[in-house]
Amino acid sequence: MNKFNHFVGIDISKEYFDVTLFNGLTTLEHNQFNNSKKGVDELIDWIKGLKASSENTLICMEHTGIYKNFLVDILSINKCNLWIEMPLRITKSSGVQKGKNDKIDSQRIAMYAHRFQDKAMLFSGSKIVLDKLHALSKQRGMYLTYKSAIQKRLKEQKVFDKEIYNVLCENDNKIINLYEKLIEDIDKQLENLIKEDQEVLEVYQFATSVKGIGPRTAIALICYTKNFTTFNTPRELASYCGVVPFQHTSGKSIRGKNKVHFMANKDLKRLLHLCTVSCIQSDPEIKTFYERKQDEGKHKMSILNSIRNKLVHRICACVRNRKMYVERQIA
């Protein structure tokens, strides 16, 4: 038996958002509101005016970064059933689309919520500390990207044009030093934030106890999984991280190689790859596994992917069992 009898689809932009309410049969009601706290309050009154109770109404929207914040905060306070879905899933489910505008998009989101209501993952607000950790981690990554870009340009100038390099060197080095100082300050802020929440601190300690898993990877996993609460099994998390290959075959003619899904989290996959490279050098068990698979003729990237998978399972085991990782002794 379906839990919901009304479905709200919201298409969000910077200045306003379009809303469609669907009753599961034929009635579609549409409206548009300013993307502000006042606009969200007006949305709630509009939904109530259409005799849709908050208990039996499913509100679905796409993940649109900071533009969704007013909606999420106020709807959560009002204890609405809120489903924040990946845009690509909604797009893929809609089939061939003819025409597109904000009103039509909100209708498609409402229809998606009705069709897949049994798969709805209701939003539960994350801890403020997790939001701060995620924001600071993103800022750190941005500064690191800027620093690397300047360093790369400077290195190329030195090789191809020494005179221009001499002109740019002093100014660029000042900027590089500034970014290094900012990154160092952010690392300290991240460390202090983790200590503010005992539960987050414990999970962080369990994750970093696994050999090869550093602070950046542990923090990223904590942020993306809401402190390891959004995935039921290690395999689900591994799939999300892009370290679980899937078959690509059809009949007798298509025999593609097993490959990971393109929708995987690229940040986590990159971080786990760096951890894997470190493990091969520092973990005797992983090093032995890597060399054995190489001797068996396995492809290098396939071996690295298996190690990434192992690391995810080790982290999940430590967090699930609330125990630090104990390194296995090789005879």
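1. Axes are lines fitted to C-alpha atoms, for helices over the stretch in contact, and the angles between their N-to-C directions run from 0 to 180 degrees. With that convention in place, the points below concern a predicted model.

2. Two packed helices are described by the angle between their axes and the distance between the axes. For α10 and helix α11 (residues 284-295), the angle is about 100 degrees and the axes are 6 Å apart. Angles of 65 to 115 degrees count as roughly perpendicular, and α10 and α11 are therefore roughly perpendicular to each other.

3. Which residues meet where α10 packs on α11? From α10 come Cys279, Ile280 and Ser282, while α11 contributes Pro284, Ile286, Lys287 and Tyr290. Sorted by class, this contact holds five nonpolar residues, one polar residue and one charged residue.

4. The largest contribution is that of α5, which gives seven residues. The space in this pocket is about 400 Å³. Its lining consists of 16 residues, and those closest to the pocket centre are Ser137, Gly141, Asp267, Arg270 and Leu271. By class, the lining of the second largest pocket has seven nonpolar, four polar and five charged residues.

5. Turning to the sheet, the model contains an open sheet of five strands, with mixed pairing and the order β3-β2-β1-β4-β5. Its edges are formed by β3 (28-34) and β5 (81-85), each of which pairs on one side only. From one strand to the next, the twist averages 20 degrees.

6. Strands of a sheet pair through backbone hydrogen bonds, either parallel or antiparallel. In which sense do β1 and β2 pair? Strand β1 (residues 6-12) and strand β2 (residues 16-22) are antiparallel, and six bridges link them. Within this pairing, Val8 has Leu21 of β2 as its bridge partner.

7. On to the neighbouring pair in the strand order: β2 and β3 also run antiparallel, joined by seven bridges. Here Tyr16 stands opposite Asn34 in β3. The hairpin of β2 and β3 has five residues between the strands, and Gly24 in this hairpin takes a positive phi near 90 degrees.

8. Which strands does helix α1 lie across? Helix α1 (residues 37-49) lies across β1, β2, β3 and β4 (57-62). Relative to β3, helix α1 runs at about 160 degrees.

Methods:
Residues are numbered from 1 along each chain as its sequence is written. This is a predicted model: local features need pLDDT of at least 70, side-chain atom pairs count only at pLDDT 80 or more; totals for chains, interfaces and linings use all residues. Side-chain values use heavy atoms; hydrogens and water are left out. Two strands pair if DSSP finds at least two bridges between them. Helices (H or I, at least four residues) and strands (E, at least two) are DSSP runs, numbered from the N terminus. Contact means heavy atoms within 4.5 Å. On a 1 Å grid over the protein atoms alone, a cavity is a set of points where a 1.4 Å probe fits but cannot get out, and a pocket is an open set with protein on both sides within 12 Å along at least five of seven lines; lining residues have an atom within 4 Å of a point. Grid points are joined across faces, edges and corners, and a volume is the space filled by probe spheres set on the points. Ala, Val, Leu, Ile, Met, Phe, Trp, Tyr, Cys and Pro count as nonpolar, Asp, Glu, Lys and Arg as charged, and the others, Gly among them, as polar. Angles under 35 degrees count as roughly parallel, over 145 as roughly antiparallel, 65 to 115 as roughly perpendicular and the rest as oblique.
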